[in-house]
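Subject: Structure for your files

Dear colleague,

Here is the structure I said I would pass on. My notes on it follow below.

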Amino acid sequence: MRYVVNPVVRTLVGTPAGRWSGPLLVLELTGRRTGRRLRVPVVGHVCQGRLYAITDGAWAANLAGGAALTVVRRGRRLRARGELLTDPAATAAVVREAVATDGARGLGLVLPPDRPATDEELCALRRAVLLSGPGLDRPPA
């Protein structure tokens, strides 16, 4: 499915029609080891008043320690900084808030039905990338 949807999202978000793309974002970053340019479609989540991309993708490792990137949002290209959260408690807090706001299905998560998920379980399922920069202080709505 993603092989069909992702190219469409990458194209749509950067066009004038992207104004209606809601929380969809495209992150443009450079691979640390390969130097290859990556264009990754994600859903922006506002948690704790800040914008995050919550993912299980391996691309997030490129943002460990922080790195410059470009966020394509609603037809606009914005310079930003992305930083992969490494603290399990902070990551779990962001994922928990996103689940409370958008629901587990909105994140593609299957959580234990009989008890709250532990921090370790949430960190094993998803990673959180903090996105910061001018123009990213408003929710992607």
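Where in the chain is the place of Arg-74? Arg-74 sits in the loop between β4 (67–73) and β5 (76–84). Please keep in mind that this is a predicted model. The phi angle of Arg-74 is near 50°, a positive value in a residue other than glycine.

Gln-48 is another residue to look at. Its phi is near 55°, again a positive value in a residue that is not glycine. Gln-48 is found in the loop between β2 (37–47) and β3 (50–55). With 45% relative accessibility, Gln-48 is classed as partly exposed.

Overall fold

The protein chain contains 3 helices and 6 strands. Read from the N terminus, their order is α-β-β-β-β-β-α-α-β. The radius of gyration of the protein chain is 15 Å, close to the 14 Å that the globule rule gives for 141 residues, so the chain is as compact as a globular protein of that length. The C-alpha trace spans about 45 × 35 × 30 Å along its principal axes.

Of the 141 residues in the protein chain, 41% are buried. Among contacts with a separation of 6 or more, 61% are between residues 24 or more positions apart. The accessible surface of the protein chain is about 8000 Å², and carbon and sulfur atoms account for 56% of that surface.

Charges and salt bridges

The protein chain carries 21 positive and 11 negative side chains. The centres of these two sets are 13 Å apart. The structure has 6 salt bridges, and some of them are described here.

One of them joins Glu-28 and Arg-77, with the closest N and O atoms 2.7 Å apart. This pair links distant parts of the chain, as Glu-28 belongs to strand β1 (residues 24–30) and Arg-77 to strand β5, 49 residues apart. Are the two partners buried or exposed? Glu-28 has a relative accessibility of 5% and so counts as buried, whereas Arg-77, at 55%, counts as exposed. Both residues also belong to a network of salt bridges that links Glu-28, Arg-37, Arg-39 and Arg-77.

A salt bridge is also formed by the side chains of Asp-56 and Arg-126, at 3.6 Å from N to O. Here too the pair links distant parts of the chain: Asp-56 lies in the loop between β3 and β4, and Arg-126 lies in the loop between α3 (119–125) and β6 (127–132), 70 residues apart. Asp-56 is exposed, with 56% relative accessibility. Arg-126 has a relative accessible area of 12%, so this residue is buried, the limit for that class being under 20%.

Arg-115 and Glu-121 form a further salt bridge, in which the closest N and O atoms are 2.7 Å apart. Arg-115 has a relative accessible area of 38% and is therefore partly exposed. Glu-121, with 27% relative accessibility, counts as partly exposed.

Regards

Technical notes
Residues are numbered from 1 along each chain as its sequence is written. This is a predicted model: local features need pLDDT of at least 70, side-chain atom pairs count only at pLDDT 80 or more; totals for chains, interfaces and linings use all residues. Side-chain values use heavy atoms; hydrogens and water are left out. Helices (H or I, at least four residues) and strands (E, at least two) are DSSP runs, numbered from the N terminus. The radius of gyration is taken over C-alpha atoms; the globule rule is 2.2 Å times the number of residues to the power 0.38. Buried means under 20% relative accessible area, exposed over 50%, partly exposed in between (1.4 Å probe, protein chains only). Contact means heavy atoms within 4.5 Å. Accessible areas come from the Shrake-Rupley method with a 1.4 Å probe; for residues, only the protein chains shown count as cover. Lys and Arg count as positive and Asp and Glu as negative; His and the chain ends are not counted. The place of a charge is taken as NZ of Lys, CZ of Arg, CG of Asp or CD of Glu. A salt bridge is a side-chain nitrogen of Lys or Arg within 4 Å of a carboxyl oxygen of Asp or Glu.
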